[in-house]
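Notebook open, viewer open. I want to jot down what I look up, one entry per topic.

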Amino acid sequence: MDAIDVILTKREGGKLTPEQIDWVIDAYTRGAVAEEQMSSLAMAILLNGMTREEVARWTEAMIRSGERMEWSGLDRPTTDKHSTGGVGDKITLPLAPLVAACGAAVPQLSGRGLGHTGGTLDKLESIPGWRASLEPDGMLDVLRRTGAVICAAGSGLAPADRKLYALRDVTGTVESIPLIASSIMSKKIAEGTGALVLDVKVGSGAFMKTTASARELAETMVGIGVDHGVRTVALLTAMDRPLGRAVGNALEVAESVQVLAGGGPPDVVELTLTLAREMLAAAGLSDRDPADALRDGSAMDVWRRMISAQGGDPDASLPVARESHVVTAPAAGVLTRLDAYGVGVAAWRLGAGRARKEDPVSFGAGVVCHAVPGDEVAAGQPLLTLYADDDTRFARALESLDGAIEVEPGGTPDLLPLVIDRI
Ligand code: URA
């Protein structure tokens, strides 16, 4: 077998055999298939697609490229959530301790932000002392002690995906449904969770801009999960406007703590509770009501223990940006549009995100929304506060908000429902 043979099969629209898939993933991981050959194959897959059998085998081969974690020693069922990423999507932060407080174990391997979408690890690292790296034994220890652990994936987990994702990022081959689905699911299955809830975001601030493409991605991922014995459910949820009011690392931690304290923006609370119910049902714990764990403070207790177990101080003050700039309403009327992508790019340019993987983030940078679509606003009323450590960043951030905000007298926003569908 050689790489040219595999590339030509897919270039001509053929179906890759299980042997071809196993060989190419293994050889690529070992360095025996060159980056330019894998790049060519990824482009052929992006253009010609893969069948369900091909995606299942591709995912399996990526899982087998590394270690698979195992949690059978725990006395509770494991359940996890994965979001395809969005603007202001801090849901993992209140969700993991909430679900743990209801009796499940949540072993969550998370990522960092790239581009305009934020990453859970960057948000948590804004808490003084908190560490993202844990060895598998350390992960088990935190999980046993607190019920929830959020940390970075070690280099041994799906190394084929690690290499391939970096290659796709620079070769225009990220936006392939089979490649996205196998990338996400290989990591989640290797993580060893028994149940998985996928939050597939739809709208300008998401990877998937339309409900139809999000549905196709969700169905592909649910199929892979089920084929691997993981109880998997997907929700399609709105990402046409930011989630909640805070966008940016420390700003989102503060909003998550408000949710755990029984407050917080209604959309963040509703999505957290909806996903918690799905995670608990998938773990066989549908008799628990997560709203009780928010009310009685038990979710907050788990949060505090989970943060302390990874070196963080849950009582420490969070970093605050040095500079701020207020954006006001251009006219009186109803805020009919607050575009997720525009706000996400603004937060990114303010320093909340990074342009290259190795760049540092500014923990205090970001955007706070004082109004949400549907609110009546007065002319000159503050709509957003932008935060940055360096005031030269405001001009570029403001450019990305051009066209992202609309206020219309008597207008009605045309918004996606928060939860669009369940698959
Ligand atoms: N997230 C992943 O982990 N992989 C992708 O391909 C896209 C998003």
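How many bridges join strand S8 (residues 333–338) to S12? I count 4 bridges, and the two strands run antiparallel. Within that pairing I looked up Val334, whose bridge partner in S12 is Glu408.

Housekeeping before I go on. This is a predicted model, where local features need pLDDT of at least 70, side-chain atom pairs count only at pLDDT 80 or more, and totals for chains, interfaces and linings use all residues. Numbering starts from 1 along each chain as its sequence is written. My helices (H or I, at least four residues) and strands (E, at least two) are DSSP runs numbered from the N terminus, and two strands pair if DSSP finds at least two bridges between them.

**Three-stranded sheet.** S8 and S12 belong to an open sheet of 3 strands, ordered S10-S8-S12 with antiparallel pairing. Strand S10 (376–377) and strand S12 (405–408) are at the edges with a single partner strand each, so one side of each has no neighbour in the sheet.

**Four-stranded sheet.** I also found an open sheet of 4 strands, in the order S6-S9-S11-S7, again with antiparallel pairing. Here the edges are strand S6 (246–247) and strand S7 (323–328); each has a single partner strand, so one side of each is left without a neighbour in the sheet. S7 is joined to strand S11 (residues 382–388) by 6 bridges, and Val326 has Thr385 in S11 as its bridge partner. Helix H15 (residues 340–352) lies across S6, strand S9 (366–369) and S11, at about 135° to S9 (angles run from 0 to 180 degrees between N-to-C directions, with axes fitted to C-alpha atoms, for helices over the stretch in contact).

**Annotation check.** The unreviewed UniProt entry puts "domain: Pyrimidine nucleoside phosphorylase C-terminal" on residues 334–408. I get 27% helix and 29% strand for that span, with its end C-alpha atoms 5 Å apart.

**Helix pair.** Helix H2 (residues 18–30) and helix H4 (residues 52–64) pack at about 35°, axes 9 Å apart. Pro18, Ile21, Asp22, Ile25 and Asp26 of H2 make the contact with Glu54, Arg57, Trp58, Ala61 and Met62 of H4 (contact: C-beta atoms, placed from the backbone, within 7 Å). By class I get 6 nonpolar, no polar and 4 charged residues (Ala, Val, Leu, Ile, Met, Phe, Trp, Tyr, Cys and Pro count as nonpolar, Asp, Glu, Lys and Arg as charged, the others, Gly among them, as polar).

Key. Two residues are in contact if their C-beta atoms, placed from the backbone, lie within 7 Å. UniProt positions are given in the numbering used here, feature names are shortened, and annotations may be inferred rather than shown by experiment.
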